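Welcome! Please take a moment to look over the sequence and the 3D view, and then we will walk through a few features together.

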Amino acid sequence: MKVHHLNCGSMQFPTSPLVCHVLLLETDNGLVLVDSGFGLGDIAQPAVRIGGFRRVIRPVLDSEETAVRQIERLGFHATDVRHILLTHLDYDHIGGVSDFPNAHVHVTSAEALGAFQGLSVFERRRYERAQWMRESTIVEHQPGTETWQGFSGVTPLDAIADGVLLVPLPGHSRGHAAYAIDAGDRWILHAGDAFYHHTTLDRRSRRSEIPFILRAQESFVVYDRALARRNRERLASLHASAGTDIDIVNAHSPVLYERSSERARQPA
Ligand SMILES: [Zn+2]
C-alpha cells in the first residue's frame, strides 16, 4: 500500500529539534493514520490542550503541519480518514484525532486502561488530557496471538487492511504499541516513542552519544524502565538483522523521518 510520511508537529526541543512522524496509509478501505501529532485544536488552545509542558517541548504549532491540512493538500478530505492507529495516548500523539471525528481510533486495552482509568498518580498526571477523544469511537485491542519478527502478542488488523499489524511494545507507557506496515517493497515499523534518537538503532553506538536532554526526557516519561531498555535492544537487533527490508522509524527523530521520506520518494 502507498505510505506517506508526514511531520505533524515540529518541536523546538532544546538542542534537539524533533518532529511528530505520522504515517498516512492509502488502503482499499480509505485512509489510515498511524499517530496524529498536533491538531488544529492544539493550535487554537495550546494552554488548555498541551499545558505548561509546551514551554519545554516548544511545538511550532503551524496549522499547515497538521495531518488534516496535509491530507487536504494531497487532494483528500478529512472524512476519507477511517481509522487512526495510536502508538499511545500522550498529547503529542493524539492532538490531531479531533480533526477526524468520523475515524475509529485504535489503541491497546492496556493503554486505554492506564489513560482513561488513571490507574497510578503518574498516569493521572500524564494523561489528564486523554479525555479530548471523548467524542471519538475508541477500538481497544487485547494482545493478539501472532508473532512478527520475534515480537509476540501481535494482532493483524485485517478489518482495516492486509499488511497492517499491531505490535505491543509496552515500556514507554503501560500499553504502548508499534505498528508494522507492508509498504510493498519493504515493511515500515513505526515504533512510536520506544526510542527517541536515531543512533539507538545502531548497536555499536553508545548511549552517551544521545543528547542528554533526550535521555533525560526518555527517563522522565517512561512507565517501565527495564521494558523500555529491552525494547531499544530488540529494535536495534531487528535493525541489524533486517537491514533495509524493514524501515524502523519512530515518532520524533528528524533523521529517521527525513531518511524514510526520501526512500518513499524514490521509485520502488
Ligand atoms: Zn511522543
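Helices (H or I, at least four residues) and strands (E, at least two) are DSSP runs, numbered from the N terminus.

The protein donors are D92 (OD), H93 (NE2), D193 (OD) and H252 (NE2), at 2.1 to 2.3 Å from the zinc ion. Donors are N, O and S atoms within 2.8 Å of the metal (3.2 Å for Na, K and Ca), and water is not among the atoms, so sites may look incomplete. The four donor atoms subtend angles of 82 to 161°, which makes the arrangement irregular. For four donors, tetrahedral would need all angles between 85 and 135 degrees; four count as square planar and six as octahedral if opposite donors are over 155 degrees apart and all others between 65 and 115, and anything else is irregular.

## About the model

This is a predicted model, with residues numbered from 1 along each chain as its sequence is written. Local features need pLDDT of at least 70 and side-chain atom pairs count only at pLDDT 80 or more, while totals for chains, interfaces and linings use all residues; side-chain values use heavy atoms, leaving out hydrogens and water.

## An enclosed strand

Five of the five residues of strand 3 (residues 30-34) are buried, so this strand is largely enclosed by the rest of the structure. On one side, five bridges join strand 3 to strand 2 (residues 21-27), and the two run antiparallel. Strands 2 and 3 form a hairpin with two residues between them, and L25 has V32 as its bridge partner. Strand 3 is also joined by four bridges to strand 4 (residues 81-85), this time in parallel, with L33 partnered by I84. Two strands pair if DSSP finds at least two bridges between them.

## Salt bridges

How many salt bridges does the structure hold? There are 11, each being a side-chain nitrogen of Lys or Arg within 4 Å of a carboxyl oxygen of Asp or Glu. In one of them, E64 meets R73 with the closest N and O atoms 2.7 Å apart; E64 is partly exposed at 40% relative accessible area, and R73 is exposed at 51%.

Another joins R186 and D247, with 3.8 Å between the closest N and O atoms. This pair links distant parts of the chain, 61 residues apart: R186 is in the loop between strand 10 (177-182) and strand 11, and D247 is in strand 12. R186 and D247 are both buried, and together with D185 they are linked in a network of salt bridges.

## An aromatic cluster

F53, Y91 and F220 form one aromatic cluster. Rings of Phe, Tyr and Trp (its six-membered ring) pair if their centres lie within 6.5 Å; planes under 30 degrees apart count as stacked, over 60 as edge-to-face and the rest as tilted. By this rule the count is three aromatic pairs. The ring centres of F53 and Y91 are 6.4 Å apart with planes at 80°, so this pair is edge-to-face.

Methods:
Buried < 20%, exposed > 50% of the residue type's maximum accessible area, 1.4 Å probe, protein only.
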